Amino acid sequence: MESVPLQTDVSLKALNTFGVEARARFFARIERTDQLAAVLADPRVRDLPRIVLGGGSNLLFTGDVDGLVLKIEITGTRELAPTAEHWRIEVGAGENWHATVQRLIEMGRPGLENLALIPGQVGAAPIQNIGAYGLELAERFEALTAWDIERSERVTMSLADCAFGYRDSAFKGPLAGRRIVLAVTLALPRRWQPVVGYADVANELAARSVAEPMPRDVFDAVVAIRRRKLPDPAHIGNAGSFFKNPIVSRDKRAELIARFPSLVSYPLAGGRFKLAAGWLIDAAGLRGATRGRAGVYERQALVLVNRGGATGREILALAREVQDKVAEKFGVRLEPEPMII
Ligand SMILES: Cc1cc2nc3c(=O)[nH]c(=O)nc-3n(C[C@H](O)[C@H](O)[C@H](O)COP(=O)(O)OP(=O)(O)OC[C@H]3O[C@@H](n4cnc5c(N)ncnc54)[C@H](O)[C@@H]3O)c2cc1C
C-alpha cells in the first residue's frame, strides 16, 4: 500500500464550477485505488469529515472544509466482452464525462450522445443519475465498482443496488458518504437507435435537415442546443440546474393550471406530474435577478450564476429567496440539485 501526500490548506476555487473560494484543511489527489485505503487510514484525517470531489460541477461550497477533500483522478477506459445486446465499457471515475461520450462515439460505441457536454467526471455520473434530453445514465448502466469506506474494500454494485431515480440514487440516500465510485461499466446497445423524442432535439435535427440521424448528428445537435441555452462555467460560474423539477399530484397540478394556464408540466407514470422549475422561477419574477454578486441566469431561470467574485453564501442566500418566493406563489417547495457544503 502506498502512502499519498496529504496537502494542507488548499484552495478549491479552481476545482468548483461556481468558482467560489473555499479552502480544504486536508486535500489528496487519488490516482489509484490503493491510495484510497492509505489516505483514509491516515491518523491525521481518519476521524475528520470527508468530501469526495470530481469536477466540482454539482456542488456549492458555502465555507471552508474543516476536513479532507479527496479529488478522484482514477483514469482508464477498457472494453469488456460484449453480450448479445450490449457493448460493455469500463471507465475510470476520474475520466471527463463529455470526453468519454465523444471518444466512445469515435470508437463506434455510441449511446450516450444525448448526455453530451454535461460537465464533470464519470465517477459522479451515478451519484445523481445524470440525465438530459430524454436519456438518463441508468439506461446505459451495467454496474460500478466502489470503495466501501467502513469495510475498507472494493465492492461491485449492480443497477438495482444503485437505486437510481430522477436525479437520485442510493449514494444520496442510505449510502451517502459511505462509498467512493472507482469505475463505471456502461452498457451501450449494439442495435443503436437515436433518442429523439425530446422536442428540442427533434427540432434541432429538423433545422439541420437531418432526417435519419447518425450518433454524431444527435451529439452535434445536443452540443449546439446546450451551448445556446446554458452558461459555460469557463466564462460564468454556475452548477447547471440549481433546482430539481418538482413532482406534484394530479390535484395540485389541476389547482395550479386553473390559476396559471401557461404552467409547464409533464405527465409521469402513476398519475403524477413534473413541473418545470425554470418556469416557476420565471413566473415568480426572478429570471435575471441579481443579489450582490449572485444572480439568476437571464436565459434559463433554473441556473444560478456567480456574476464575479460571489461567495457561496451569497449564492445560497439567493437560492433560499428563490425557494421562498416560489413556495409563496405556487405552494411548491423547490429542492436544490447540487450538494451544498
Ligand atoms: C453548465 C452545467 C450543465 C449541467 N447539465 C447537467 C445536465 O444536463 N444533467 C445533469 O444530470 N447534470 C448536469 N449538470 C450537473 C453536473 O455536471 C453533473 O451532476 C455531474 O455528474 C457532476 O460531476 P462532477 O464530477 O463535477 O461532480 P462533483 O460536483 O465533483 O460532485 C457531485 C457530487 O458527487 C459526489 N462525487 C463525485 N465524484 C464521486 C465519486 N467518484 N464517488 C462518490 N461520490 C462522488 C460528490 O461528493 C458530490 O456529492 C450540469 C452542470 C453544469 C455546470
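1. Basis. The model is predicted: local features need pLDDT of at least 70, side-chain atom pairs count only at pLDDT 80 or more, and totals for chains, interfaces and linings use all residues. Residues are numbered from 1 along each chain as its sequence is written, and side-chain values use heavy atoms, with hydrogens and water left out.

2. Ligand shell. The ligand is surrounded by 32 residues. A residue is near a molecule if one of its heavy atoms lies within 4 Å of it. Val52, Gly54, Gly55, Ser57 and Arg226 are the closest. By class, the shell holds 16 nonpolar, 13 polar and three charged residues. Here Ala, Val, Leu, Ile, Met, Phe, Trp, Tyr, Cys and Pro count as nonpolar, Asp, Glu, Lys and Arg as charged, and the others, Gly among them, as polar. Strands S3 (50–53), S8 (131–132), S12 and S13 (237–241) each give at least two residues to the shell. Helices (H or I, at least four residues) and strands (E, at least two) are DSSP runs, numbered from the N terminus.

3. Which residue places a backbone N or O atom 2.7 Å from an oxygen atom of the ligand? Glycine 54 does. A backbone N or O atom of glycine 131 lies 2.7 Å from a ligand nitrogen. In the side chain of arginine 226, an N or O atom is 2.7 Å from a nitrogen atom of the ligand. The ligand taken alone exposes 970 Å², and the protein buries 93% of that. Accessible areas come from the Shrake-Rupley method with a 1.4 Å probe; for residues, only the protein chains shown count as cover.

4. Helix H2. H2 spans residues 97–106, and Trp97, His98, Thr100, Val101, Leu104 and Ile105 in it are buried. Buried means under 20% relative accessible area, exposed over 50%, and partly exposed in between (1.4 Å probe, protein chains only). Why do these residues sit on the same side of H2? They cover an arc of only 160° around the axis. The arc is that of the directions from the helix axis to the C-beta atoms. An α-helix has 3.6 residues a turn, so residues three or four places apart point the same way. The buried residues of H2 pack against strand S7 (86–92), strand S12 (179–189) and helix H5 (215–229).

5. Ends of H2. Asparagine 96 caps the N-terminal end, with a side-chain oxygen 3.1 Å from the backbone nitrogen of histidine 98. A polar contact is a pair of N or O atoms within 3.5 Å; within protein, one must be able to donate a hydrogen and the other to accept it, and residues adjacent in sequence count only if both atoms are side-chain atoms. Glycine 108 follows H2, with a positive phi near 80°.

6. Asparagine 245. This residue is in the loop between S13 and strand S14 (247–248). Asparagine 245 is buried at 19% relative accessible area. A polar atom of its side chain lies 2.9 Å from the backbone nitrogen of alanine 277. Beyond neighbours within four places in sequence, asparagine 245 contacts Tyr166, Lys274, Leu275, Ala276, Ala277 and Leu302. Contact means heavy atoms within 4.5 Å.

7. Valine 303. Strand S19 (residues 303–306) holds valine 303. Its relative accessibility is 0%, so valine 303 counts as buried. Its C-alpha atom is 7.9 Å from that of phenylalanine 243, 60 residues apart along the chain. Residues up to four places away aside, valine 303 touches residues including Leu230, Pro231, Asn238 and Tyr297.

8. Tyrosine 133 has a positive phi near 50°. Tyrosine 133 sits in the loop between S8 and strand S9 (135–136) and is buried, at 10%. Alanine 163 has a positive phi of about 50°. Alanine 163 lies in the loop between helix H3 (159–162) and S12 and is partly exposed, at 45%.
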